[in-house]
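Subject: Structure handover

Hello,

Please find the structure below, followed by notes on what turned up in it.

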Amino acid sequence: MNASAATMSTGALQVVRDYISLLKLRIVALLDATALAVMIPAAHGHPRLAAVMAVLVGGTLAAGGAHAINCWFDRDIDAEMTRTRKRPLPGGRIPASHALVLGIALNVAAFAVLWEWANLLAATLALAGALIYVFVYTIWLKRSTPQNIVIGGAAGAMPPLVGWAAATGGIDLTALAFFAVVFFWTPPHFWALAQVIKSDYARARIPMLPVVAGEQSAKRQSVAYAIAAALVSVVPFFTGSAGAIYLAGAAVLGIGLVGMTVLDLTGRRWTRRLFAYSLVYVAALFGLFAISAYLP
């Protein structure tokens, strides 16, 4: 391969990477995991393969599409933040309209996949999550209120409902409990990150709570949300969807989450640890629930 051909190949590969980066697949992976984890106990350990594939493919398309639209709308503030200014749109490597078209197309495809391989309820819930993320969080709340991530967090809490609906055809108290876990978990998780990059949000004039109310206010509110997440996480035991092993694990993980937010009140160094633990918490909790279908 000559030098010009190698250069063209490298350039094409970079373009592909840029388009894929619009989907924010690391976040999508976490969302997909929460959806897939609840499917196993919901289906008593034996979810339909078609439904699992629908949630994996459809969930990835829906969340990735919503993220692409988010990148399109937020390209102006992304250009002002150190963390995001090298993204494809503020960097000028991709036409902005392409991100919008891609996001819409992926969500249409997601709805079709989930409806065909799972059911209409799962498809509708996935679309609702994407619409909440785009219209409620990105367009309406993100630039207007410090409670943006609280209300907008409903979008990230939708995947457990999608997974449960795909497995059972309906929604019950257990599914709603896991929706609430993610909903209450989101503020301490995201505010921990916002405290670390507070100057970025201030530069872009995004009213994240640590910016407009101060870090201590964000930390105190994080404690309340962590307590709420810990409390609702034990609901599946009382609905009969999980056993005593899950109850014990959820209690330990919840105590850890509350403890980390309380410790975060005392010093800046705990903020990064809280962010890291919050990721461990949600992964471990949903993983424990997933295997609870096979435990006594």
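Thr34 touches Pro159, Pro160 and Phe286, leaving out residues up to four places away in sequence; contact here means heavy atoms within 4.5 Å. Thr34 lies in helix H2 (residues 25-42), where helices (H or I, at least four residues) and strands (E, at least two) are DSSP runs, numbered from the N terminus. With a relative accessible area of 5%, Thr34 is buried. Buried means under 20% relative accessible area, exposed over 50%, and partly exposed in between, with a 1.4 Å probe and protein chains only.

Before going further, note that this is a predicted model, in which local features need pLDDT of at least 70 and side-chain atom pairs count only at pLDDT 80 or more, while totals for chains, interfaces and linings use all residues. Residues are numbered from 1 along each chain as its sequence is written, and side-chain values use heavy atoms, with hydrogens and water left out.

Helix H8

Pro159 and Pro160 are among the buried residues of H8, as are Met158, Leu161, Val162, Gly163, Trp164, Ala165 and Ala166. Nine of the eleven residues of helix H8 (residues 158-168) are buried, so this helix is largely enclosed by the rest of the structure. What do the buried residues of H8 pack against? The partners are H2, helix H3 (49-73), helix H5 (96-117), helix H6 (120-141), helix H9 (173-196) and H15. Just after H8, Gly169 takes a positive phi of about 85°.

Nonpolar cores

A nonpolar core is taken as a set of buried Ala, Val, Leu, Ile, Met, Phe, Trp, Tyr and Cys residues joined through side-chain atoms within 4.5 Å. The largest one has 54 residues, and the members touching the most others are Leu114, Tyr246, Leu257, Tyr281 and Leu285. Helix H15 (residues 269-292) supplies the largest share of this core, ten residues. A second, separate core has 22 residues, including Ile69, Tyr133, Trp191 and Tyr225.

Overall figures

The protein has 15 helices and zero strands. Its radius of gyration is 20 Å, close to the 19 Å that the globule rule gives for 296 residues, so the protein is as compact as a globular protein of that length. The radius is taken over C-alpha atoms, and the rule is 2.2 Å times the number of residues to the power 0.38. Along the principal axes, the C-alpha atoms fill a box of roughly 60 × 50 × 40 Å. Buried residues account for 49% of the 296 residues. Of the contacts between residues at least 6 apart in sequence, 74% join residues at least 24 apart. The accessible surface (Shrake-Rupley method, 1.4 Å probe; for residues, only the protein chains shown count as cover) comes to about 13,100 Å², and 71% of that surface belongs to carbon and sulfur atoms.

Loops

Most residues other than glycine have a negative phi. Lys24 is not a glycine but has a positive phi of about 50°. Lys24 sits in the loop between helix H1 (3-21) and H2 and is buried, at a relative accessible area of 15%. Arg205, also not a glycine, has a positive phi of about 60°. The place of Arg205 is in the loop between helix H10 (198-203) and helix H11 (209-212), and at 60% relative accessibility Arg205 counts as exposed.

Ala204 is in the loop between H10 and H11 too. Is Ala204 buried or exposed? At 3% relative accessibility, Ala204 counts as buried. Ala204 touches Ile77, Glu80 and Met81, setting aside residues up to four places away in sequence. Ala204 and Arg143 are 61 residues apart in sequence, with 9.5 Å between their C-alpha atoms.

His46 lies in the loop between H2 and H3 and is exposed, with a relative accessible area of 66%. The C-alpha atoms of His46 and Ala293 are 9.1 Å apart in space, and the two residues are 247 apart in sequence.

Helix H5

Ala96 belongs to helix H5 and is partly exposed, with a relative accessible area of 23%. Apart from neighbours within four places in sequence, Ala96 is in contact with Trp72, Arg75 and Leu89.

Regards
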